[in-house]
Amino acid sequence: MKTPVLYIVIPCYNEQEVLPVTAPMFINKLNSLVSQGLCSEDSKVMFVNDGSKDKTWDIICAFAKENRQFKGINLSRNRGHQNALLAGLMHAKDECDVTISIDCDGQDDINAMDEMMRQFHDGCDVVYGVRSKRDTDTFFKRATAEGFYKFMKFMGAETVFNHADYRLMSKRALEGLAEFKEVNLFLRGTVPLVGYKSTSVYYERNERLAGESHYPFSKMLNLALNGITSLSTKPLQYITIIGLAMAFVSFMVIIWAVIARFTGSTVAGWTSMIGVMALIGGIQLFCLGIIGEYIGKIYSEVKQRPKFIIESTTDDSNE
């Protein structure tokens, strides 16, 4: 069996502060994997510039000119982390045998790549990088992150607990992922749907080495909402259950009102009536909002707009 070509795929958005710190780390790790015979000398570190507004792309181009092991692709505009990552994976699948996706900030332990590659050589097509603990997180960050995964599972979106987008995928797995045509991406839930043999590698996450996080709590909420509505119809099922429950309660209230009318025990009930009306109205608006999210997803899907457009690559610049 030939030594596999590995591409380390790294999405970047406004990372001019952290790139000079982490890029040498990625190259050193790649060379270490090559020296161990885990991957080919033709392997590369590939950065995906997601429409950055700073000097990120200029830095990537400079790296690629200095070292042939660096490669970069530049998206025409900012498309978001998931689309940028997919762009890198789909571009890499035609040039390599296996990819490892990882964020640019240096928080994920790059030494876990050794075990990932060993698992690949043992026959695994997908290897998930999973955090073993969250001791470096604040209480709020830890509670919201773990709550995110539990809430996703409750809502029917199956994910790997404490796994983000640090993962190995074989060429075969990437080709399977390419068969998923949906526009609304949530790779943490889509990759497990590909199937094939998979396993997990556990590691401890570090502090961000430079710059600021691009994933605040608001983005986590938006990611969760997108994942749930893209992968599960359970919210719609819950709406049906709520509707049946409210219908039952309303029916019981009607029976009570009729009995009270004929027994002559009716009393002024303005407050209770307003309260019930407000409750039912709030539930209706909430349910309509969820239905609206699904309709919005359908609207995005039927237009079939491209998930990303690659404007240029460092290969173009170096020709």
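Ser 76 is found in the loop between strand S3 (70-75) and helix H3, where helices (H or I, at least four residues) and strands (E, at least two) are DSSP runs numbered from the N terminus. This is a predicted model, in which local features need pLDDT of at least 70, side-chain atom pairs count only at pLDDT 80 or more, and totals for chains, interfaces and linings use all residues. Residues are numbered from 1 along each chain as its sequence is written, and side-chain values use heavy atoms, with hydrogens and water left out.

**The chain as a whole**

- The chain holds 11 helices and 8 strands.
- Of its 319 residues, 45% are buried, a term that means under 20% relative accessible area, with exposed meaning over 50% and partly exposed in between (1.4 Å probe, protein chains only).
- Among contacts with a separation of 6 or more, 84% are between residues 24 or more positions apart; contact means heavy atoms within 4.5 Å.

- With a relative accessible area of 35%, Ser 76 is partly exposed.
- Ser 76 is in contact with Ile 309 and Glu 311, its neighbours within four places in sequence being left aside.
- The C-alpha atoms of Ser 76 and Ser 52 are 9.9 Å apart in space, and the two residues are 24 residues apart in sequence.
- Lys 71 lies in strand S3 and counts as buried, at 3% relative accessibility.
- Residues up to four places away in sequence not being counted, Lys 71 touches Tyr 7, Lys 44, Val 45, Met 46, Phe 47, His 91, Glu 95, Thr 314 and Asp 315.

**Helix H3**

- Helix H3 covers residues 81-92, and its 12 residues should span 16 Å at 1.5 Å a residue; the end C-alpha atoms are 16 Å apart, which agrees. The expected span is 1.5 Å times one less than the number of residues in the helix.
- H3 is largely enclosed by the rest of the structure, because 10 of its 12 residues are buried.
- The buried residues of H3 are Gln 82, Asn 83, Ala 84, Leu 85, Leu 86, Ala 87, Gly 88, Leu 89, Met 90 and Ala 92.

**The sheet**

- An open sheet is formed by 8 strands in the order S7-S5-S6-S4-S1-S2-S3-S8, with mixed pairing; two strands pair if DSSP finds at least two bridges between them.
- Strands S7 (198-203) and S8 (310-313) stand at the edges with a single partner strand each, so one side of each has no neighbour in the sheet.
- From one strand to the next, the twist averages 25°. Axes are lines fitted to C-alpha atoms, for helices over the stretch in contact, and angles run from 0 to 180 degrees between N-to-C directions.
- Strand S4 (residues 98-101) is covered on both faces: Val 98 and Ile 100 on one side, and Thr 99 and Ser 101 on the other, are all buried.
- S4 pairs with strand S1 (residues 6-12) in the parallel sense over 4 bridges, and Ile 8 stands opposite Ile 100 of S4.
- S4 and strand S6 (residues 163-170) run antiparallel and are joined by 4 bridges; Arg 167 in S6 is the bridge partner of Ser 101.
- Strand S5 (residues 126-131) also pairs with S6, in the antiparallel sense and over 4 bridges, and Val 130 has His 163 in S6 as its bridge partner.

**Helices packed on the sheet**

- Helix H4 (residues 112-121) packs on the sheet and touches S1, S4, S5, S6 and S7, its direction making about 40° with that of S6.
- Helix H7 (residues 187-194) packs on the sheet as well, touching S5 and S6, and its direction makes about 35° with that of S6.

- The axes of H1 and helix H2 (residues 56-66) come within 11 Å and cross at roughly 35°.
- Leu 19, Pro 20 and Ala 23 of H1 make the contact with Thr 56, Ile 59, Ile 60 and Phe 63 of H2.
- Ser 40 sits in the loop between helix H1 (19-35) and strand S2 (44-49), and it counts as buried at 12% relative accessibility.
- Ser 40 touches Thr 3, Pro 4, Val 5 and Val 34, residues up to four places away in sequence not being counted.
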